[in-house]
Amino acid sequence: MIDLGEKFEQGLRLIVSAVAEAQQRLTLSLDPSLAQSQLEEIARLRGRPPFFRYLGCGVGRGARTLSADGRWLLDFTLGVGVHIFGHGNLDLIQTALRAAAADIVMQGNLIFNDEYGALMRTLMAHAPRTMAHCWLSVSGADANENALKLLRQKRQGRPGVIAFRGCFHGRTSAMAEITDRPDYRLGQPSTFPVRYIPFYDPRDPKSTEKSLAALRYILAQEADRMAAFVVELVQGEAGFAVAPREFFVPLFEECRRAGIPVWVDEVQTFGRVGELFATQMLDVSEYVSVITVGKILQGSAVLFSAEMKPDPGLISGTFAGATVAMAVGRRIIEKLTTEGILGPAGREKQLEKICFARLKELNRRYPEKLTEWRGVGAMVAFRVGDGSTAVTRKFLDRCFEEGLMMYYGGHEPAWVRMFLPAGVLSDEELDEAFEIIERCLAA
Ligand SMILES: Cc1ncc(COP(=O)(O)O)c(C=O)c1O
């Protein structure tokens, strides 16, 4: 990266200390009525109101963010899982400022600076050993589109995809066709075959058998129309549904026998399950041909084995990412892998343990109100009452009023999802969050 000399370094240190100072001030001169009118304008411009009456003022401190109307909120949404190091992280701000001094704002696949190579290098250094290459892109859906294209090419243009019930893979036309939410593709045509098999059900001892039978049936009927089997090893938008290795392996072996490549969508799991990749957590990399990542990376990428390397004309695009996002994404991988956050004794596994113990206790005290919990690492979910969307939404609104932002996933039943800012979350902040959860359950 370019060396701008001591004057630049001095300026950088001054800005970072000014940011640190602003974060320590409990109140800024914020105007709640201005925040309200700005939110109304945003709703008008989007043609749709935001989920929360929240507008960030640009100041945050760890797990907390300061909204433009002057409220400090604990953020367990992380912008749907992006900000694993919370808000206002000085290390990431410093990385961003340094990258912002580069000659270009956006980098592409034709002309790029060192951040492009450095991000790929760092990502691949920690990737499952079966992955040989990667291609950067901007959103999770972009990476998934690239994955689908290269898989179809390797399968000589076969169009179909086998997927899990409850899956979510993004909002582009093709990803909306795969995603198991018909209400997310109203008015859209079906252009290729998508066949679903049931995801793991911990309450059904025959769950693996049933999914295997469904897969075998699809392969017997239509293997010749299928390009790939796409899998979320932990289902994100379905509400952090988990499954053991023993569930996936027979399915992957069946695909291997049929010549169907396995594509693992790690857009939501990347960096969040106690390991950098859920593929590593479940030790299934030998079965996997393609992996997609996003969110925590501050951009996205498709990783693929040597055999999956596409024809040079197949994937590219103007943008590979913003210079700042690439530098910060790389720094996030470095921090995750060196600051005691991952691994069996790392912070994510600690948080999982604490959360499960707290949720179990809440279930003991409020058995009708907190009915179930699940997840892994920094992805922890629980169900409120009957899990209806209406009840869940009401609970989330109440928590927001009390100072805790969380989001939901799944659909009838819905799950409250806690995206934990594992890189910064203190035990005291987690205690405070659980106090709010308990107050709102009790209300
Ligand atoms: C598993 C999974 N795949 C793909 C996507 C799409 O990512 P993006 O919204 O960045 O396009 C998401 C987003 O939530 C996701 O959870």
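Helices here (H or I, at least four residues) and strands (E, at least two) are DSSP runs, numbered from the N terminus. The expected span of a helix is 1.5 Å times one less than its number of residues. What you're looking at is a predicted model, where local features need pLDDT of at least 70, side-chain atom pairs count only at pLDDT 80 or more, and totals for chains, interfaces and linings use all residues. Residues are numbered from 1 along each chain as its sequence is written.

Let's start with α11, residues 323-338. Its 16 residues reach 23 Å from the first C-alpha to the last, close to the 22 Å expected at 1.5 Å a residue. This helix is mostly covered, with 12 of its 16 residues buried. (A residue is buried if 20 or more other C-beta atoms lie within 10 Å of its own, exposed if 12 or fewer, and partly exposed in between; C-beta atoms are placed from the backbone.) Among the buried ones are Thr323, Met326, Arg330, Arg331 and Leu336. They pack against α4, β4, α5 and β12 (321-322), where contact means that the C-beta atoms of two residues, placed from the backbone, lie within 7 Å. After α11 comes Gly340, which has a positive phi, near 70 degrees.

Which residues of α5 are buried? They are Glu115, Leu119, Met120 and Leu123. Seen down the axis of α5, these fall within an arc of 130 degrees, so they line one face of the helix; the arc is that of the directions from the helix axis to the C-beta atoms. The background is simple: an α-helix has 3.6 residues a turn, so residues three or four places apart point the same way. Turned away from the buried side of α5 is a face that carries the exposed residues Gly117, Arg121 and Ala125. The cover over the buried residues of α5 includes α4 (90-100), β4 (106-107), β5 (133-137), β11 (300-304) and α11.

**Around the ligand**

There are 15 residues around the ligand, and the ones that come nearest are Gly140, Ala141, Gly170, Val267 and Gln268. Here a residue is near a molecule or strand if its C-beta atom, placed from the backbone, lies within 6 Å of it. Which helix gives the largest share of this shell? That's α6 (residues 140-154), with three residues. By type, the shell divides into four nonpolar, eight polar and three charged residues.

**A four-stranded sheet**

Four strands make up an open sheet with mixed pairing, in the order β1-β2-β3-β15. At the edges sit β1 (56-61) and β15 (404-405), each pairing on one side only. Two strands pair if DSSP finds at least two bridges between them. Strands β2 (residues 64-67) and β3 (residues 72-75) run antiparallel to each other, paired over three bridges. Across from Thr65 you'll find Leu73 of β3.

**Loop residues worth a look**

Here are four of them, with their C-beta neighbour counts.

| Residue | Other C-beta atoms within 10 Å | Class |
|---|---|---|
| Pro344 | 8 | exposed |
| Asp386 | 13 | partly exposed |
| Asp283 | 12 | exposed |
| Glu412 | 10 | exposed |

Pro344 sits in the loop between α11 and α12 (347-365). Its C-alpha atom is 9.7 Å from that of Met281, although the two are 63 residues apart along the chain.

Asp283 belongs to the loop between α10 (278-281) and β10 (288-293). Its phi is near 50 degrees, a positive value in a residue other than glycine.

Glu412 is in the loop between β16 and β17, and its phi is positive too, near 40 degrees. A cis peptide bond, with omega about 10 degrees, joins Glu412 to Pro413. Pro413 lies in the loop between β16 (407-409) and β17 (415-419).

Pro413 also turns up beside Asp386: leaving aside neighbours within four places in sequence, Asp386 is in contact with Val391 and Pro413. Asp386 itself is found in the loop between β14 (379-384) and α13 (389-402). The C-alpha atoms of Asp386 and Leu370, 16 residues apart along the chain, are separated by 9.0 Å.

Key. Ala, Val, Leu, Ile, Met, Phe, Trp, Tyr, Cys and Pro count as nonpolar, Asp, Glu, Lys and Arg as charged, and the others, Gly among them, as polar.
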